[in-house]
Amino acid sequence: MPEITVAGLVKTFGDQRALDHVDFNVGDGELFTLLGPSGCGKSTTLMSIAGFQHPEEGRIRVGDVAVFDAAKRLALAAEHRNLGIVFQSYAVWPHMTVYENLAFPLKVRRLKRAGIRSRIAETLELVEMTPYEKRYPHELSGGQQQRVALARALVYSPSVLLLDEPFSNLDAKLRIRARAWVKDLQHRLGLTTIFVTHDQDEALSMSDRIAVMSAGEIQQIGVPEDVYHRPANRFVAEFVGRVNLFEGVVAGVDGGEAVLEIDGSARRLTVRAAEGARVSDRVTVVVRPEAMTLLANGDASVNGTNTWDADVHSTAFLGDHYEYELEAGAVKLIAQTSRPVDGSRIKVHIPQDACSMVE
Amino acid sequence: MATTSHATEAMPRPRRSIIPASLVQWLTWAFVVALVLGPFLPLAYASVRDRPLYEAGGVFTIEPYRELFRERAFWHAWWNTLQFAALTTAMAVALGAAVAILCARTDLPGRRAFTKLVLLPLLLPSLGMVLGWIAVWGEGGYITSFFNQRLHIGVPAIDTILGMALVEATRLMPIAFLTCQAALVRADSSLEDAARSAGATPLRVLRSITIPMLRPALLNSATLIFTLSIAVLGIPLLLGVPNNIQFVSSYLYTLWTSGTSPDPGAVSAGAMVLLLAATLLLLIRNRLLGAEARFVSVGGKASRVALLSLGTWRWPLAGLITLYLLFTTLLPVLGLALMSFVVFLTPLIAPWDLLTWSHWQMLDDGIFRNSIQNSVTIAVVGAVLATAFVTLATLVAHRSPFRLRRTLPFLMLYPRATPGIIIGIGFFWAYLLTGALGDWFRNSIWGIMLAFCIRNLPLAYIVMYPTLARIGEELDRAGRAAGAGWWTTSRRIVLPLLRPAMFAAFILLFVELLNDYDPAVFLVKPGTEVMGATMLSQFIQGAVGPVAALAMVQVAVTVVVLAVGSKVFKINTTGGHDA
């Protein structure tokens, strides 16, 4: 399986920049995710790799084949890129049975009848759809159609697999099952895969690495843990998971620690200092709500640094956790705990290493 | 397990097609340009030459325009045409919108049936319907004398501008109806529900929400109806000219056919002026609409609660619409039928005393028989060819990477705005200037077929496009990604899904090609007659009975084909006229 190199893609629609110098590499057998809100350019990037969009600048290589190079006016037609793609709508051809859907790419490649038959049988087995080979798409459920779409993308052994929001039309339960299943399949086949989604849970749970995109630019590339716990900037922090943002001025730096004076309040927050942080820098500190510890008012087990008294503004029970909206003086906080905390005035502790400083 | 067998090396590469897709796309585009714009070049050229193109020599001159503009009759014809078009538009739009609201937003009894029936006048052969109108509403017609003599109520004479506008308005009303109805079905009814929850009475909702929401549809259909009615030829020729009212179209026709001094230069110049006006209107309409907004597919919710309860008005309003249909559609058709069975039509003598088969027997002979054969041949062959061609062009326009594809929708819609007689004159000159090929077209029915096909191209496109737009683009992308080229993808994936629309386009084209006439009046020769043109020329010569019989043939074939089409293929034959 080849690796994919995307370098310097620029694409504009009218006066709007859809892609602004997008660069990344996808390693052999890696599941690489493009994550971002709608309109961030993730689908445009995917469609450029697939050959359905032609950026104005940049290069795309799949393995040792240059499939696109704007400078050399090279754009290999989509049908000659040998990529497997699963679309958001699945795009299972409605006038063909499951078997015919899978046979199409093989017929185009002039496989012999027997070859087609064995190949399809094998692939349908892979996606556990063997009993459905004579069905038409409208006789299948959404989840089954998705498997057919995946099978059709795999049946001709494409060099890489592209997934364009493949789970967004499934209901919540099925989606979680499908994720695990696709991840497992991808891993077993060792397929180099690019996956596009706007769903952070999907991205975090499936990816080897994630590229977070916004406004046509890549904001951060990293393994899921990095993107979640060490967001490169405010956008990434806010987009990936819920977050508390503290804006303020660095009041002091001491070794690995920095003290932040939060805007509009007397509260101070001691955090791990980012590299090169200096006194009187304006910074934003992000803290995940589940990283906070909530204590009853009289509890003295945690004290000292980053422990504030707070008023409970509202409480919500969300099944597997509780969510609190708190007010510590002028600072508003969101915190999540697995157990409820009694009282309308409580203590909140923000562990130092749960805080990360971003631009 | 499967890991090894899914190795890339095992799989052959997809084959490349022999003919590059871009060549097919270029050729399609070139054909559309040549056929749609082609006829207008010789027309423009003919209008600035000092002698007909078939005569040798000739130099550049603007004399034809000068001559035309000096002619008072020409300006008078314009004035008549504009009055007629304005009246027609006002009546057709008001009526169409009212019936659309009644059918789409109230509990009018029989609204489903009305939705289908009000479309009939548009689909029935227009020339035949004019004859039917003359039979019952003309001077000495059945209804006219019934009103005048029995009820002592005067009815407007149909050979006045107002009368002709009434006839044309009933024919074009369905365009306004369809546009408004589509807009109403598309519109989110929760907007109206919200107004009711906010305390507005149903009537108030109608006035403040529903009708304002219809404004784009009204404007859109008004422009189209106006454009179509400035170019109509049959009505002024059959009704106006005998009463000394000329329209631009009939003025040009008379100028062309008057044996003593035919003036091709002036006619071409007049046609250019008319073409310019129609093009301008089309551009205005596109501006109003935004290029493709008019094709937004009719989604809508399947069932909705009737918004406005008409209460005691339910039945009177239904009765009114029934009467309208009776007087404007059914009775003219019956009048036409009667006209074809009697020696001459008069309310003064009981029709059974005048019964005759002779008009129908005449159809089996000479020019009439020839016309029927030619028309049917043109309709069948033309509908097949045009459907195939429009399908290809629509695919290139909307499903190909072809660079100039965005010009195709406008090109394919352009003939819609072009008066039929101008297409006729244009093709006349085009055939004349293209040597042997042109001669072959000129001397056979294929020349007329080509002109008819180009004129009705937009209808096929308008039927085809919404269906294509509903076929998700990811379906063909999936085909491309699977390794199939543009042509294979189109053929194997898009075309099978487009088949219902192709059937609908075929049926619609068949009917239109069978009944079309105005491009042909400049192209017919002995031996290449078609029904419409024959009806026109024979009527002017006074052969009313056989013309009525011929019109009845058109009506019968049209009704049968549409009925079979909508039953067998489950297609929506209303299509085409609503955009």
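Mentor: Helices (H or I, at least four residues) and strands (E, at least two) are DSSP runs, numbered from the N terminus. Axes are lines fitted to C-alpha atoms, for helices over the stretch in contact, and angles run from 0 to 180 degrees between N-to-C directions. The model is predicted: local features need pLDDT of at least 70, side-chain atom pairs count only at pLDDT 80 or more, and totals for chains, interfaces and linings use all residues. Residues are numbered from 1 along each chain as its sequence is written, and chains are lettered from A and ligands numbered from 1 in the order in which they are written.

In chain B, helix α26 (residues 531-540) packs on helix α27 (residues 544-568) at an angle of about 160°, and the axes are 9 Å apart. That angle makes α26(B) roughly antiparallel to α27(B) (under 35 degrees is roughly parallel, over 145 roughly antiparallel, 65 to 115 roughly perpendicular and the rest oblique). The crossing of α26(B) past α27(B) is left-handed, meaning that the near helix is turned anticlockwise from the far one by less than a right angle. From α26(B), M531(B), T534(B), M535(B), Q538(B) and F539(B) meet V544(B), P546(B), V547(B), L550(B), A551(B) and Q554(B) of α27(B); contact requires C-beta atoms, placed from the backbone, within 7 Å. Eight residues of this contact are nonpolar, three polar and none charged (Ala, Val, Leu, Ile, Met, Phe, Trp, Tyr, Cys and Pro count as nonpolar, Asp, Glu, Lys and Arg as charged, and the others, Gly among them, as polar).

Elsewhere in chain B, helix α8 (residues 126-137) has 12 residues and reaches 16 Å between its first and last C-alpha, close to the 16 Å expected (1.5 Å times one less than the number of residues). In α8(B), 12 of the 12 residues are buried, so α8(B) is largely enclosed by the rest of the structure; buried means 20 or more other C-beta atoms within 10 Å, exposed 12 or fewer, and partly exposed in between, with C-beta atoms placed from the backbone.

In chain A, helix α4 (residues 142-154) has 10 of its 13 residues buried, so α4(A) too is largely enclosed. Its buried residues, which include R147(A) and R152(A), pack against β7 (83-86), α2 (98-108), α3 (113-126), β8 (160-164) and α5 (172-189) of chain A.

Between the chains, the contact takes 28 residues from chain B and 27 residues from chain A. On the chain B side, α24(B) gives the largest share, six residues.

Methods
Two residues are in contact if their C-beta atoms, placed from the backbone, lie within 7 Å.
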